[in-house]
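Thank you all for making time this morning. I would like to walk you through one model, going from its secondary-structure elements to the way its copies are arranged, and I will give the conventions as we go.

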Protein chains: 2
Amino acid sequence: MPQSGDARWLRIAMAQLNMTVGDFEGNLRKMLEAVGRAKEQGADLLTFPELAVCGYPPEDLLFKPHFIDGNRRYLEKLVEASAGITIVAGFADGNDGIYNAAAVIHNGKLVDVYHKIFLPNYGVFDENRYFRPGDKCPVYTIVGVGVGVTICEDIWYEVGPANVQAYAGAEVIVNISASPYHFGKGEAREAMIAQRAKDNGAIFAYNNLVGGQDELVFDGGGMILDEKGRLLARGKQLEEDLIIADLNVAAVAWPRPKLAKVQPWTVTRATLSAKPFITDKPSLSPHKVKPKSLYAEIYDALVLGTGDYVTKNGFKKVLIGLSGGIDSSLVAIIAVDALGNTGVVGVAMPSQYSSPGSISDAELLAKNLGIELLTVPIEKVFQAYHDTLTEAFKGAKPDVTEENIQARIRGNILMALSNKFGWLVLTTGNKSEMATGYTTLYGDMAGGFAVVKDVPKTMVYELARYRNHRSGKEVVPSSVIDKPPSAELRPEQKDIDTLPAYDLLDPVLKAYVEEDKSVEEIIALGIDEEVVRRAARLVDGSEYKRRQAPPGVKITTRAFGRDRRLPITNRYQGG
Amino acid sequence: MPQSGDARWLRIAMAQLNMTVGDFEGNLRKMLEAVGRAKEQGADLLTFPELAVCGYPPEDLLFKPHFIDGNRRYLEKLVEASAGITIVAGFADGNDGIYNAAAVIHNGKLVDVYHKIFLPNYGVFDENRYFRPGDKCPVYTIVGVGVGVTICEDIWYEVGPANVQAYAGAEVIVNISASPYHFGKGEAREAMIAQRAKDNGAIFAYNNLVGGQDELVFDGGGMILDEKGRLLARGKQLEEDLIIADLNVAAVAWPRPKLAKVQPWTVTRATLSAKPFITDKPSLSPHKVKPKSLYAEIYDALVLGTGDYVTKNGFKKVLIGLSGGIDSSLVAIIAVDALGNTGVVGVAMPSQYSSPGSISDAELLAKNLGIELLTVPIEKVFQAYHDTLTEAFKGAKPDVTEENIQARIRGNILMALSNKFGWLVLTTGNKSEMATGYTTLYGDMAGGFAVVKDVPKTMVYELARYRNHRSGKEVVPSSVIDKPPSAELRPEQKDIDTLPAYDLLDPVLKAYVEEDKSVEEIIALGIDEEVVRRAARLVDGSEYKRRQAPPGVKITTRAFGRDRRLPITNRYQGG
């Protein structure tokens, strides 16, 4: 513990943990372990993420009264373990409505419960569906320091509970979050929190959940910024961490300036402790983890999201169709990084249209990764479909139907292996394909988790190059990176026969899907009119496919899935 | 027009129309036609449903500024057609935020805009995602009568804008709705509106949207109840209608009693007209459509939802795999009722496990319905899969894998015919199967629309019997109704080998899925513990399948889909 004549200090510990929805027992175990470590380190205050007890987001499980009761019982077990420390932990509070709540626990007692005031109901969030908003802004005195407690969204607005608390005397604003990842979000959070800290002249201690939950990845990256917005501590991104820091509140101005605006919330105050329980504290080394580079961050988010989906759903192995193309190669490497090479099985399913290069590329990749590779040729089944359907097709010309049959045979083979051996199938379609519908429903879309579903094709290449660079060798063979993309479902087929080139297409898709720009607005950016109109038409026409797609990791500001809710039945053409 | 010395009269017309999301042109055409008819009938006031201009629910289309602009431009065209009448029409208002709005149009001018105050954000609704709430309660004087305008949810609460408006002088409360169907909802609406009318001493004129939109069916059934809660008029259920009635407001008490409670909203007033435009009015016959019986209502909802999904998405024909079982038989009849027999193609896909009775039952059904029946045997393809997978399966024992392969072959054949001929595939799985996961992903779940997805198996039987009764003959062969349910994917297979009997299972599923009861609570109802535990386990374990299911018509209080949002990754076992 630093010593200073006139300084006042709070030692805070923030446990950014990887929780699992509905796993009260497992979540509690992790929390108890962190309580032990925080006490060892002499922490005065320990925080856990938003809804830590029950996991985030529990969605409609919240409507089950027995789920709320269960989460409350496990909170009690945390309270019992809180002798000699103050804890702030997220849970679902079910008294008179449901609240997204923070338990304030002190020395064996549940002292107070804070209710989240700002409930996000946009993007992937549906919090108005579940929660009532709180109306109280508590300020707690902990070891003589004024501490305000807030939950996630609460601090994303200029005027909010942190503002009220700071003006009412809080020197430290604690925030417990479950803030999902998209690339660049860590920086945006830090800039926002720095501004709040400066505006309110208070230290902000931000703790964020870690881990994958269906389509979301929570990326941790907890941080503490002082009253001038300067970084005091930063936790790991995309990994669990226990961030401990000593906060000197002597520099936080006192008395607080007046509150400029009338606020609709009530300030409450409670004194928990005047002095620390533990005075003989081990010294701390600074905890400032360097932020990851852009592609490292995205790549690691995909690894975490995939690994958590697989293991939290009880699978030990995954199965991936390896075409020798860039998408399946990247997915295989991500899977190996998440699960180890013994956790991944590849299957090559060559047809008469597969190029020799594709087969050798798949083999080389499997060798580079050290994974098992099965080979199941599809020609015999394809021939049987052809024979079986000849009469029904009555001499109609070959078209995309025959291409889809091949894709669906591969889907069936993957699912048959999945059913037989209990392996989860990972699909390999990227965001550019999902957007344009350049994919076969029940074919290449068949599987449990779509790893790169939110990764545009151009970024798939960047991530493959990044991953090779990280290893210092060609894990993804250069032949895979260099060849033109092809579905290989008919002779000499190339993606570019059907779609605009991906470097033209991807910016259009971003503007149309993520930014709600109209066709006219995108054309006005100087992009070829025919490319824009074709892309928009393809996006609009493939909503029905996306509705039946497996979940996958969100990495952009707007992923397909709950983040973007469009009707299938939709005659709007002005888009 | 009735004549009476001291009576004051308002002639109201309510156009309950079948709108299409995003079809500004088509929706306007229908509205203009209704304006013409209402004027012919001398209506003083004409109402259109909630968001009539753009369709309901437009979901994330609302985030596209050009969509809002488009809907506003089409509203202007309605305004231009409003000479000599007053109109209340739903549209999306994009001034300073987005509002679920009612345009109040009088004699060629947009006079005012009402903003919906209560925004539903539960069940299938996400209105907080899009809309800001209004804060004004307008009362308009139309032909000397006080009229309050409200939108859907606004009248579902005791204290709300209608209450404020009635106390401020409104004698008639107009409500424009887009209220989705579930069975029994019509009665619930009528009881609720009757209570509001009595409580507020005002006439309530309720107009509801008609038609299918993805998973929802809007069932019309507009009604007018007087200030004592007595029925003055009722429109057709599940069909378009123009309900016209003369409202005598002389009996509505004046002066209005005081408002009991302080309300947060502001009353606004505007006088539109003191006297009718048209004085020489044709006489009206009473418009009181008799409500449908329970099974007629459900059946017709399925027909409307299916027909609208097919035609609004631009399909002319549907394809259905006919197994000779009760589910596919019912779906085929619904499809024929929606699209005519030339709009439906059946395909029988027999295997070595198909009983002779199944094949003849499918043939008899197709004959009864007068639909084309293709026959595509799957044995040859199944044999080819078997040969192709022998090495990969390395002598593992036959299990559910081989059953799923057969179901997926059938899925592929259906999709191949769909791709080749442009027919939409209707799937045939019922709610009991969807709940328990007794269905094959990409197999029998493969298709564009799942007609009976929300119909429990026991109700599938009731609806088949009802439909036979309606025809006065066996459209569904009695052999189909009488035989024990079987997937016919292995010798002598029966559903009951895997699932509890449906008459035991369905009540458990209702309690668990629709009522959020815990396993313990359901057991306490006296249901066999093993049945309850097994059903709950099956429901929890098949969320991943449902996530990839096609949409289907909601007919119960809680359908799978947007109505029930559970995480796939979920360790909660206490359910």
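Let me begin with a convention: helices (H or I, at least four residues) and strands (E, at least two) are DSSP runs, numbered from the N terminus. What you see is a predicted model, in which local features need pLDDT of at least 70 and side-chain atom pairs count only at pLDDT 80 or more, while totals for chains, interfaces and linings use all residues. Residues are numbered from 1 along each chain as its sequence is written, chains are lettered from A and ligands numbered from 1 in the order in which they are written, and side-chain values use heavy atoms, with hydrogens and water left out.

I start with the backbone, and with a reminder that most residues other than glycine have a negative phi, and most peptide bonds are trans. In chain B, Pro57(B) sits in the loop between strand S2 (45-47) and helix H2 (65-80), and the peptide bond that leads from Tyr56(B) to Pro57(B) is cis, with omega near -10 degrees. In chain A, Tyr56(A) and Pro57(A) are likewise joined by a cis peptide bond, with omega about -10 degrees, and Pro57(A) is placed in the loop between strand S2 (45-47) and helix H2 (65-80) of chain A.

The loop between S2 and H2 of chain B also holds Leu51(B), a residue other than glycine whose phi is positive, near 45 degrees. Is Leu51(B) buried or exposed? Buried means under 20% relative accessible area, exposed over 50%, and partly exposed in between, with a 1.4 Å probe and protein chains only; Leu51(B), at 0% relative accessibility, therefore counts as buried. Tyr442(B), which is not a glycine either, has a positive phi of about 70 degrees, and its place is in the loop between helix H11 (431-436) and strand S20 (449-450) of chain B. With a relative accessible area of 3%, Tyr442(B) is buried.

Strand S10 (residues 210-213) and strand S11 of chain B run antiparallel and are joined by four bridges, and Gly212(B) has Val217(B) in S11(B) as its bridge partner. Two residues lie between the strands of this hairpin, in which Asp214(B) takes a positive phi near 55 degrees. In a regular strand the side chains alternate between the two faces of the sheet. In S11(B) (residues 216-219), Leu216(B) and Phe218(B) point one way and Val217(B) and Asp219(B) the other way, and all are buried.

Strand S12 (residues 223-225) of chain A pairs with S13(A) in the antiparallel sense over three bridges, and the bridge partner of Leu225(A) in S13(A) is Leu231(A).

Now to helix packing, where axes are lines fitted to C-alpha atoms, for helices over the stretch in contact, and angles run from 0 to 180 degrees between N-to-C directions. Helix H6 (residues 294-312) and helix H12 (residues 457-471) of chain B pack at an angle of about 95 degrees, their axes 10 Å apart. H6(B) and H12(B) are therefore roughly perpendicular to each other, a label given to angles of 65 to 115 degrees, whereas those under 35 count as roughly parallel, those over 145 as roughly antiparallel and the rest as oblique. Contact means heavy atoms within 4.5 Å, and the residues that make it include Tyr295(B) and Tyr299(B) of H6(B) and Leu463(B) and Tyr466(B) of H12(B).

Finally, the copies are superposed by least squares on the C-alpha atoms of residues with pLDDT of at least 70 in both. Chain A can be laid on chain B with an RMSD of 0.0 Å by a turn of 180 degrees and a shift of 0.0 Å along the axis, and the two copies are thus related as by a two-fold rotation axis. Which residue of chain A comes closest to the rotation axis? That is Gln548(A), with its C-alpha at 2.1 Å.

Notes:
Two strands pair if DSSP finds at least two bridges between them.
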